[in-house]
Amino acid sequence: MIKQSTLPIYAGLIWMLLFAAMSFYWATGGRAGVKSVGGEISQKVLSGEQGIIAIVWLTGFGKLGGAIILLLMLKKWRHVKMNKILSSLTIVTGVFMLLYGLVNFITISLAGLHVLEFDLSPFALKWRLIFWEPFWMAGGVLYIMAGINVRQIKLKRD
């Protein structure tokens, strides 16, 4: 049974592993969902351009790094400092992901209203607004919750 205090950590871990899996799928030649990202990135991935494929590999490994941070939060550390560092790192990462998704959601919404001009097909614009940007924001919220939970529970005990 998963403790309620670790639920955001496990949920964030699942979220990040799914996110990494998408990157690895695309990096290995998978094409489903690539057009939903839109713009030049999806065109380069679909054409198999080596530079962008290398970046997609790197983002996948970066996402695995984010999963490792969450895994480290499950360990009982003897030093309070380690819990503080992991908690702070997770909260900062979560704020970045939340803001990234929010800023993209706002700018893409403005592009949909023809206030800004973006190189996004209507298909990509729709998927960015209903999936990708909310996905980023949800991950950010999970990371923030995980960091706050660790801070409140583990640091109170120490």
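Analyst: A charge sits over a ring if NZ of Lys or CZ of Arg is within 6 Å of the ring centre and within 35 degrees of the ring normal. The model discussed here is predicted.

User: What makes Lys75 an example, and over the face of which residue does Lys75 lie?

Analyst: Lys75 lies over the face of Trp77, at 4.9 Å from the ring centre.

User: Why is the pair of Trp15 and Tyr143 called edge-to-face?

Analyst: The search of the whole structure finds 16 aromatic pairs. For Trp15 and Tyr143 the ring centres are 6.4 Å apart, and rings pair if their centres lie within 6.5 Å, so the two rings count as a pair. Their planes stand at 70 degrees, and an angle over 60 counts as edge-to-face, so the pair receives that name.

User: What parts of the chain does the pair link?

Analyst: The pair links distant parts of the chain. Trp15 belongs to helix 1 (residues 7-27) and Tyr143 to helix 5 (residues 122-157), 128 residues apart. Both Trp15 and Tyr143 are buried. They also belong to one aromatic cluster, whose members include Phe19, Trp26 and Trp136.

User: How large is the largest pocket, and which residues are the closest to its centre?

Analyst: About 450 Å³ of space lies in the largest pocket. Of its 19 lining residues, Trp26, Val37, Ile41, Lys63 and Trp136 are the closest to the centre. Helix 1, helix 2 (39-47), helix 3 (50-74), helix 4 (80-112) and helix 5 each give two or more residues to the lining. Helix 3 gives the most, with five residues.

User: What kinds of residue make up the lining of the largest pocket?

Analyst: The lining divides into 12 nonpolar, four polar and three charged residues.

User: Why is His114 called exposed, whereas Gly33 is called partly exposed?

Analyst: Exposed means over 50% relative accessible area, buried means under 20%, and partly exposed lies in between. His114 has 72% relative accessibility, so His114 counts as exposed. Gly33 has 39%, and therefore counts as partly exposed.

User: Where are these two residues found?

Analyst: Gly33 is in the loop between helix 1 and helix 2. Gly33 and Trp127 are 94 residues apart in sequence, yet their C-alpha atoms are 9.4 Å apart in space. His114 is in the loop between helix 4 and helix 5, and its phi is near 65 degrees, a positive value in a residue other than glycine.

User: What pattern does the protein chain follow along the sequence, and how many helices and strands does it have?

Analyst: The protein chain has five helices and zero strands, and its pattern along the sequence is α-α-α-α-α. Its C-alpha trace spans about 50 × 35 × 25 Å along the principal axes. Of the 158 residues, 39% are buried.

Methods. Residues are numbered from 1 along each chain as its sequence is written. This is a predicted model: local features need pLDDT of at least 70, side-chain atom pairs count only at pLDDT 80 or more; totals for chains, interfaces and linings use all residues. Side-chain values use heavy atoms; hydrogens and water are left out. Rings of Phe, Tyr and Trp (its six-membered ring) pair if their centres lie within 6.5 Å; planes under 30 degrees apart count as stacked, over 60 as edge-to-face and the rest as tilted. Helices (H or I, at least four residues) and strands (E, at least two) are DSSP runs, numbered from the N terminus. Buried means under 20% relative accessible area, exposed over 50%, partly exposed in between (1.4 Å probe, protein chains only). On a 1 Å grid over the protein atoms alone, a cavity is a set of points where a 1.4 Å probe fits but cannot get out, and a pocket is an open set with protein on both sides within 12 Å along at least five of seven lines; lining residues have an atom within 4 Å of a point. Grid points are joined across faces, edges and corners, and a volume is the space filled by probe spheres set on the points. Ala, Val, Leu, Ile, Met, Phe, Trp, Tyr, Cys and Pro count as nonpolar, Asp, Glu, Lys and Arg as charged, and the others, Gly among them, as polar.
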